[in-house]
Amino acid sequence: MFKVDKMEYNILLVDDEEFIHELLPLFLARNTKHTFSVHSALNGKEGVEMYSKLASEGHKPDLVLVDLRMPVMDGVEATRRIIEHDSTANIHLFTALAETPVEIDALKAGAKGTLYKLTDWDKTVQGIINILELE
Amino acid sequence: MLFTTETPRIRELINWDFGIYFLTCFNVEKNLYTSERDIFDITDMEIKKPHILIVEDDTEMHRTLSDILQEEGYEVKTARRGKEALALTAKEKFPICLIDLRLPDISGIEVLEKVKHINPETYAVIITAFASKETAIEALKAGAYYYIEKPVNMEELLHVIKKTSESYQLQEEKKRYTKELERANRELDDFTSTISHDLKAPLYSIHAFIMLLMEDYANSLDEAGRGYLNKVKEAVERMNVLIEDLLTLSRVGRKFTEVETVDLNELLKEIKTDLSAQIRERGGEVIAGKLPSISTQRVWVKQLFTNLVGNGLKFNKSAKPTVKVGCEEREKDYLFTVKDNGIGIEDKHLDSIFNLFERLHSSSEYEGTGAGLAICKKIAEELAGGLWVESKPGEGSTFFFNIPTKNC
């Protein structure tokens, strides 16, 4: 097993459910191993813009969590555009539904995996940490 | 067996919510609106009289038939020779062909066979001067819809053409309605999937805030307050399961996964492992007979067997709940049986148990949303088969479903 030191991670959350943006930092903060800085975008278009902005300021997100169904620009298109900008972007889908055609489209567009929205937030947080520590 | 007091209420609540959602979406979702409008258009639309091709070499007969049918409002094209008729049918679809059996180049039967080959839906009416049982049978075997003897009685001819035209129109209507129904069903599935997804998102947040309250603020509440919070959490979790079930139902039959060869013996082993906690807890047993390997979408067949076997164990008060899975290969299909020694179902509920969210028991007695069998039925129908049940209260139930072997 490998040991990961305490890290400060940058996460970009792209989701149209506003409360998630409040909840994710709250649950992440319960993990004392690492610290997290969560940036919020409420649709795909905002997500793409925020990614470019963060990357240009030297704060490239360590993880981008992208919801699939969103207004203005959906998760598939957002994934495609972020990957166009930066093929190394660490995008994971953040969705409640497993194995939908859109999920498959987004994975083809360059998302590295899917983190399912489970009602057990401890598992969700653990999932995020696993992704980040494996990078 | 009693309906719970809360089940109809939940259903009513959901129906009400769906009603509102539906009204909203009806106004907003253009595609839904369009499809509804199309259906009305079709209902109101008068189906045109079909085009008729007359294949007749006799000049006088040719003209008479042509005139009389045009007078009746049919659009008519004519051919004097068999080959000319075939050239025309290759270019244009004629719903009705009126063919004289005796033609100068090729025989009327040959024209008939080739016309039916080009367009199997063509209704062919044969005119024959040598009416005999043999020619009639020959023509009917070759695909003729009707035959008329010479000399042609025009009244009879018009009557036959009218009837043929009605058959054609009925067939067209059926085709159109079937297509519309398929589209409407697909859209309903999309609609269900979309709203289920949208309903899940806020529920996810509600659940998370409840967890935060319970974990971080429990001490600020008295016992009653904590009790209420617990009830909110339970209701949210129940709602989540209902939405999950709706989603599953809307996804049945979609090609999410490829068709693959599934060894049902292996699949049943897997299901037994999945249900092992339930089997162990009840001291039960799942016995599978010899099952075939079939080509199918694994995910749905697994769901079908899991729901049926799970129900057999769940609705069971025997000292040793036992579920037996069997299969019989019949002439055209596999007949699967899932037999339990459970509580059984009263006759009057044998049909209604397949309805969505239909529950015969209170949730304190048997957990569940009542969507399981509706999902099973939809899966069985997607596999081109059916699902039905035989049962004796107090003795047990046997669920049957069949899958045509040509689909395996």
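In helix α1 of chain A, four residues are buried: A:Ile20, A:Leu23, A:Leu24 and A:Leu28. Seen down the axis of α1(A), these buried residues fall within an arc of 125°, so they line one face of the helix. The model is predicted.

**Helix α1 of chain A**

- The other side of α1(A) is where A:Glu18 and A:Ala29 are exposed.
- Within chain A, the buried residues of α1(A) pack against β1 (8-14), β2 (35-41) and α5 (121-134).
- They also pack against a part of the other chain, α7 of chain B.

**Chain A as a whole**

- Chain A has 5 helices and 5 strands.
- Along the sequence, they follow the pattern β-α-β-α-β-α-β-α-β-α.
- Chain A has 135 residues, and 37% of them count as buried.
- Take the contacts in chain A between residues at least 6 apart in sequence: 66% of them join residues at least 24 apart.

**Where chain A touches chain B**

- On the chain A side, 12 residues are in contact with 13 residues of chain B.
- Helix α1 (residues 18-29) of chain A gives the largest share of the chain A side, with 4 residues.
- By class, the chain A side has 7 nonpolar, 1 polar and 4 charged residues.

**B:Gln171 in helix α7 of chain B**

- B:Gln171 lies in helix α7 of chain B, which covers residues 154-216.
- B:Gln171 counts as partly exposed because it has 13 C-beta neighbours inside 10 Å.
- B:Gln171 and B:Glu121 are 50 residues apart along the chain, yet their C-alpha atoms are separated by 9.0 Å.

**Helices α7 and α8 of chain B**

- The axes of α7(B) and helix α8 (residues 223-251) of chain B come within 9 Å and cross at roughly 160°.
- The two helices are therefore roughly antiparallel to each other, since angles over 145 degrees count that way.
- The crossing of α7(B) past α8(B) is left-handed.
- Residues that α7(B) brings to this contact include B:Leu199, B:Leu203, B:Ile206, B:Ile210 and B:Leu213.
- From α8(B), the residues they meet include B:Val232, B:Val236, B:Ile243, B:Leu246 and B:Leu247.
- The contact of α7(B) with α8(B) divides into 13 nonpolar, 6 polar and 4 charged residues.
- Among the charged residues here are B:Asp189 and B:Lys200 in α7(B), with B:Lys233 and B:Arg251 in α8(B).

**Helices α11 and α12 of chain B**

- Helix α11 (residues 298-314) and helix α12 (residues 372-382) of chain B pack at an angle of about 140°, with their axes 9 Å apart.
- That angle makes α11(B) oblique to α12(B).
- The crossing of α11(B) and α12(B) is left-handed.
- In α11(B), the residues in contact are B:Trp300, B:Gln303, B:Leu304, B:Asn307, B:Leu308 and B:Asn311.
- In α12(B), they meet B:Gly372, B:Ile375, B:Cys376, B:Ile379, B:Ala380 and B:Glu382.
- By class, the contact of α11(B) with α12(B) has 7 nonpolar, 4 polar and 1 charged residues.

Note on methods. Residues numbered from 1 in each chain as written. Chains lettered and ligands numbered in written order. Predicted model: local features only at pLDDT ≥ 70, side-chain atom pairs only at ≥ 80, totals over all residues. Buried ≥ 20, exposed ≤ 12 C-beta atoms within 10 Å, placed from the backbone. Contact = placed C-beta atoms within 7 Å. Axes fitted to C-alpha atoms, helices over the stretch in contact; angles between N-to-C directions. Parallel < 35°, antiparallel > 145°, perpendicular 65-115°, else oblique. Left-handed = near helix turned anticlockwise from the far one by under 90°. Arc of directions from axis to C-beta.
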